[in-house]
Amino acid sequence: METGDGGERLGKPAEEVGTSIRGVFLLAAMPAHSCLPNAEQAIHGLSEGLQLELRATRLIREGSQVQISYTDLLAPTPVRQFELMNSKLFLCACPRCEDPTEMDTFASGVKCSACLRTQKGAEPGILLPMRKQEAWQCGKCEATIPNGKVLTLLFKICEQMEALMNNPSEGPTGLEAFLTKFSRVLADGNGLLQRVRYSLCGQYGRLPGFQLSQLSSAQLERKLHLCESMLATLDKLQPGRSSRRAMILYELHISLLVTGQTQGRKEMLTRSVICLKEAVDLLRDEPPASFGGQLFIGGSASLPQVEKFVSEL
């Protein structure tokens, strides 16, 4: 089995996450795939015997399938389908893949070039795949673009995103430049933009030159906004008790705590405690040596201190 979703890489370059391995887990091979999974897996470190843990992220009724994701859940449908066919030899037909809007996130959406040409200054419509996937159609002007042309654009941008994510020297500056450039052609909710935003949530406050004490008020506000936006996306694409949600909650807690202290806003500090509590609760089952496990240890230790600080204001 290969781990699929990659949510653990929050704010960390690929080579710092750990060793990439493949393992054979007989029972763990049974869960089906879905792009709206109800479970996720985690593999413990060598010291814990590489034990694989499968846990429900939301209610699974008796007799229902246990479903995990074999791909990155933030990726657009064409990218996920390509990866599944290339590595698993099947195409997914889950509710998300059958929905052109991807649960109203527009994670595959591309801005309509016809609108951009003819309606300068106005908000362009969004191109989404038509049911038979022969073309993409704008929801505003109803123009159609051949399927191949849109897919070529998406996969070219995806290649650039992957290269960017695997280059630790880029940091937040490079990621923000990517967002600025491709926000001109991709819908705001497009998964290629979301994947970069997810990484930025952790990079602000952690990478050299962008440590928490070095962030400007504008950068702190940016981190807070990114975390809020990502939580709203996860509520639709990965609802429930996911490790990805836990990590974003932890980063949001940090943003609220520092901003609340700086601006003297107790409501932000109070919400910071709420976010930290939920994050710690979600992270308690993470493998101890993992990034999530380390966040749990640090969050558990700091929670009483943060609660005391806020209660005494």
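Modeller: Let us begin with a polar contact, meaning a pair of N or O atoms within 3.5 Å, where within protein one must be able to donate a hydrogen and the other to accept it, and where residues adjacent in sequence count only if both atoms are side-chain atoms. Here the side chains of Thr101 and Asp99 make such a contact at 3.0 Å. This is a predicted model, in which local features need pLDDT of at least 70, side-chain atom pairs count only at pLDDT 80 or more, and totals for chains, interfaces and linings use all residues. Residues are numbered from 1 along each chain as its sequence is written, and side-chain values use heavy atoms, with hydrogens and water left out.

Biologist: Is Thr101 buried or exposed?

Modeller: Buried means under 20% relative accessible area and exposed over 50%, with partly exposed in between (1.4 Å probe, protein chains only). Thr101 has a relative accessible area of 18%, so it counts as buried, and its place is in the loop between H2 and E5. Helices (H or I, at least four residues) and strands (E, at least two) are DSSP runs, numbered from the N terminus.

Biologist: Which residues is Thr101 in contact with, leaving aside its neighbours within four places in sequence?

Modeller: Contact means heavy atoms within 4.5 Å, and on that basis Thr101 is in contact with Phe106, Ala107 and Leu128.

Biologist: Where is Arg96 found, and why does it count as buried?

Modeller: Arg96 is found in helix H2, residues 95–98, and it counts as buried because its relative accessibility is 0%. Its side chain is joined to that of Glu102 by a polar contact of 2.8 Å. Beyond four places in sequence, the residues in contact with Arg96 include Cys35, Leu73, Arg80, Met103 and Leu237.

Biologist: How should I read Met103, and what does it touch?

Modeller: Met103 is found in the loop between H2 and strand E5 (110–111), and with a relative accessible area of 27% it is partly exposed. Not counting residues up to four places away in sequence, Met103 touches Leu36, Pro95, Arg96, Lys236 and Leu237. The C-alpha atoms of Met103 and Leu237 are separated by 7.2 Å, although these residues lie 134 apart along the chain.

Biologist: What can be said of the protein chain as a whole, and how many helices and strands does it have?

Modeller: The secondary structure comes to ten helices and eight strands, and 48% of the 313 residues count as buried. Of the contacts with a separation of 6 or more, 58% are accounted for by residues 24 or more positions apart.
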